[in-house]
Amino acid sequence: MTTAVTAIRPLLTPAQRRRREYLVALLFVLPALTNFAAFRYFPIISALRASLWDYSLLGGFGNFRALGQYARALEDPVFWHSMRVTVEFVLLKVPVQVVLALGLALVTQREVRGMGVVRSAIFTPVVTSMIVVSIVWAMMYHAQQGLVNSILVSLGIPRQHFLSDPVLALPAMTVMTIWKDVGFTMIILLAGLKGISHEYYEAAAIDGASRFQQLWYITLPLLKRVMLFVVVTQTIQSFQVFAPVYAMTRGGPQDATKAIVYYIYQHAFSFQDMGYASTLSIIVLFIILTVSLVQMRVLRSDVEH
Amino acid sequence: MMRRRLGSLSVLALICSLLLATTEHPALPAVLKAEAAPAPTPTPPRGKVTLRFIVNQNDEQIIAFKKILEAFQKSEGGKWANVDLALEAVPFAELFPKILTSVAVGAEMDLIQADGPVMKHYAFNRVLQPLGKYFTLRETRQWHPASLAEGSFRGQLYGPPIMQSCSMLMYNREFTDAAGIRPPTRLDESWTMPQALEAWKKTTRDLNGDGVPDIWGVRLGQGTTYADYETGIWRRSNGDKGSNTFKGVADDGITFRGYLDTPEAIEAMQFFQDLHLVHKVTPVEPIPNIFESKKAAFMVTPDNRVGAINRLYPDGSFKWGVTGIPYFKTQVCHTGSWHYGISVNTKKFNEALAFVKFAAGREGSRIWYNNVRQLPANLEIYNELPEYRAGGQQDLFFEGLTKVGVPRIQTPGYQEYFQFFLEMATNISTGANVKQEMEAAVRRIEAALRRYSGWNRQ
C-alpha cells in the first residue's frame, strides 16, 4: 500500500495576501485614476503653470509674471463683480433647491399608485441638455413673445423684462436652473430617506411624537450625511455655472449675470488671455475648496444608523 | 521640440520677409508682385479628399458653399471630382473661439470662413497661410481693392474675399405705405438720424392694444446682437470726416481713449439707447428674423437680406425697398465681409488652394451671389447684375460701398475689441449709463490690446 503525496502550495502569509488584495484593488481603480490624472490633475497643473505667465492659445507663453496675474485679479473690479454674482447665484439656488428637493422627496417617498410617474416627471429635466433648456427658457422669458409673459398678461400682470432687466435676470436664470436640477437632488434625498429604518418612526409614534417632531428629531439628523453630500456637490456645481449664462444672457444685462466661469471663458477665448483665465481658475478652485471644507465641517454628522 | 522648431521657423520666415520687404518697393503689395513668378499648378489629387471647412452658421451661405462645391467638382473636366467639403457650421459669435482652439490644439482643419476685420489678427497670429505667391496680378485684380486690402497683412494676401458689404436702410413697403412714408431713393437725399426717427415712430404700431408694439419701427443690424458692423457706425457717423470720432481708433490700432469715448461718440450712443428706452421704436430684447417675419418696418442691414427674403417668400409677396443709411454728421457704412482662409494645419493644401481659387473666382462668386445676394467682391460679375446699375433695386448698396463705405477699425485686436464693443452696446441698449459704459469699455479694450503694441511696424 502506497500513499500518494500531493505537493501543496504554501499558504500566503497575511502580508502577502494584503499585498495581493491591494494590487487587485489598484487594478480596479486604475482606469478611474488614469482618467483623473489625465483630465483633472494634469489640467490643474497646466493651469497653475499658465497662471504665472502671459499666455495665449495662439501666441503661446510670453513674459513670466510670477504672481503678477494674481495681483491683477485682486485689482480687477470685474473679477470681484463676477465673484459677487456667483455667490449670489449660489445663495439663491442651493438653499431653495435643497429645501424644495427635500419637500419633493418627502412627498414622493410614499409608495402609492402613480408615484413612479411623478418622480420620473420631476427627474426628466435632469437628463435634458442644459444648453437646450436654457435656450427654450430664454424664449419662454422673452419680453414680447415669451410664454411666461403671455401668462402674466392674461392674469393682468404687466410684462416683465426677465432677461434684460438687471434686477430680474439672475433670479430668472436661477429659477430655470433649480427646475433643471431639483430632480437630481430629490432622488439623492429620496435614497437617504429610504435608508432610514421605520423602527425609529414607530418608536417615536408610540412615544407620541408628532409628524413635525419626527421630521425634526429623526429624519433630518439621520439625513445629515446625505444632506452634506447634496449641499457640497450643489455648491460646487453652482459655483461653476456657465451654460445658462452663455445661452440665456451672455453675462448681461449690464453684467448682472456675469458669473465667474463665464468671465474666465471670456478671457480665455474671447480676449485671448489664457494666462489670466488660468489665474482666475486657480483662484476659483481654492475658493470652492475652502467653501467645501467649511461645509463639511459645519454639516459633519455624529449620528450613525 | 516641434513648437520650438515652429517658433524658429516662424522667426526665420519673419526675418526673411523683413529682409525681402526692405529690398522691394514698399507701396506695392506682395500680391501684386507675384506676376513674374507664375503660380504653381496644383497637383491633381488621387483618392477622395475631404476638406474640413469651418463656416458661419447661415442658411443661405451654407447652401451657396454646397453649390460652389458641386460646380468645383465639375470644373476643369472633373479634375477635382474627388474633393469634398465637410462643412462645420458654427454660430457667428462662436466662430472665432472655434477657429482659435482648433488651431491651438492642431486640430485637422483645412479651410476657414474668416471675417474681414479679423484677417489681420489671423495673419498676425499665424492662423492662416500666406497666399500671395499663388495668385497672379490678373487674379487679384478681379477683386474690389478694399477687399484685397482687408484680406492682406503687411502687404501679403492671406485670404481672397467672398463678398463685400455696405449696410443701408431696408424697409417693408407694406408698412411704409400704410404710414404714408416715402423714403428717399437717392443716397445724397438720405435721412438724418432725427428724420429717420420720425419714420420709425410712425411705423411702430401696437395692433392689439396690449401696450407692446406688434410692428417695430426698426431693427438696428443683423442677427440678435449689437455687433460693431452696424452698431459701430453710429458713433463714427457723429464725427466729421477725419475727426477722432470718425476714425474710431488711433493710427496705432490700439489707442481708444479720445476716439471711442469722445462727447460725439457718447452722444450717438445715447441716441442709440433712447431708440430702445425713450422712443421705443426697437425692442430691448431682440426678436430673431424680425424684419423677414414682418415684425419690423425698417432694418439696417446689408443686401443679404434680399437673399433671405427671396428664400422665404419665393412668390415675391414681401415688397421691400431700400433707402440710404441714416446719419448724424457724416454718412457712413462699414465695408468688408467674409474671406476664404487656408489653415496652417491643413495637410491638403493643393486641394484647399484649388477650391479657394475657384470659389473666389468668377464662377464661384456668381454662385455665391445667386444664393446670398450680397455685394460681390469679385468686380467681374457686376456687369451681369442689373440690380446694381443706376435705378436697380440694389443700386444704393453699391453706391454706398463706393461713396460712403469705410472699413471697420484697423487693429490686430479686432476680435477682442468686437467682444468688448458688443457688451458695451448691449449694456447701453438695456439702460446702462452711456458715458460710464463707454469709458469702461475704453479701459478694458486698451488693457487687452496692449500686447499688440507695434503690430503694424514692418
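Trainee: In which loop of chain A does Pro253(A) lie?
Mentor: This is a predicted model, in which local features need pLDDT of at least 70, side-chain atom pairs count only at pLDDT 80 or more, and totals for chains, interfaces and linings use all residues. Residues are numbered from 1 along each chain as its sequence is written, chains are lettered from A and ligands numbered from 1 in the order in which they are written, and side-chain values use heavy atoms, without hydrogens and water. Helices (H or I, at least four residues) and strands (E, at least two) are DSSP runs, numbered from the N terminus. On that numbering, Pro253(A) sits in the loop between helix H11 (243-249) and helix H12 (260-270) of chain A.

Trainee: Is the peptide bond from Gly252(A) to Pro253(A) cis or trans?
Mentor: Omega for the bond from Gly252(A) to Pro253(A) is near -10 degrees. The bond is cis.

Trainee: Arg250(A) has a positive phi; what is its value?
Mentor: Arg250(A) lies in the loop between H11 and H12 of chain A, and is partly exposed at a relative accessible area of 35%. Although Arg250(A) is not a glycine, its phi is positive, at about 50 degrees.

Trainee: Is Asp255(A) buried or exposed?
Mentor: Asp255(A) is placed in the loop between H11 and H12 of chain A, and has a positive phi near 65 degrees. Buried means under 20% relative accessible area, exposed over 50%, and partly exposed in between (1.4 Å probe, protein chains only). With a relative accessible area of 10%, Asp255(A) is buried.

Trainee: What is the radius of gyration of chain A?
Mentor: Chain A has 13 helices and 2 strands. The radius of gyration is taken over C-alpha atoms, and the globule rule is 2.2 Å times the number of residues to the power 0.38. For 305 residues that rule gives 19 Å, and chain A is well over this, so it is more spread out than a compact globule, with a radius of gyration of 26 Å.

Trainee: How many disulfides are there over all chains?
Mentor: A disulfide is a pair of cysteine sulfur atoms within 2.5 Å. Cys166(B) and Cys333(B) form one, with their sulfur atoms 2.1 Å apart. Over all chains the count is 1.

Trainee: How many residues apart in sequence are the parts that Cys166(B) and Cys333(B) tie together?
Mentor: Cys166(B) is buried at 0% relative accessibility, and Cys333(B) is buried with a relative accessible area of 0%. Cys166(B) lies in the loop between strand S5 (156-157) and strand S6 (168-172) of chain B, and Cys333(B) in strand S10 (residues 333-335) of chain B, so the parts tied together are 167 residues apart.

Trainee: Which elements of chain B do the buried residues of H15(B) pack against?
Mentor: In helix H15 (residues 395-403) of chain B, the buried residues include Leu396(B), Phe397(B) and Leu401(B). The buried residues of H15(B) pack against S6, strand S8 (296-301), strand S9 (320-323), S10 and strand S12 (405-407) of chain B.

Trainee: Which residues is Tyr313(B) in contact with, leaving aside its neighbours within four places in sequence?
Mentor: Tyr313(B) is in the loop between helix H12 (304-312) and S9 of chain B, and is buried with a relative accessible area of 18%. Contact means heavy atoms within 4.5 Å. Leaving those neighbours aside, Tyr313(B) is in contact with Glu292(B), Ser293(B), Lys294(B) and Phe318(B).
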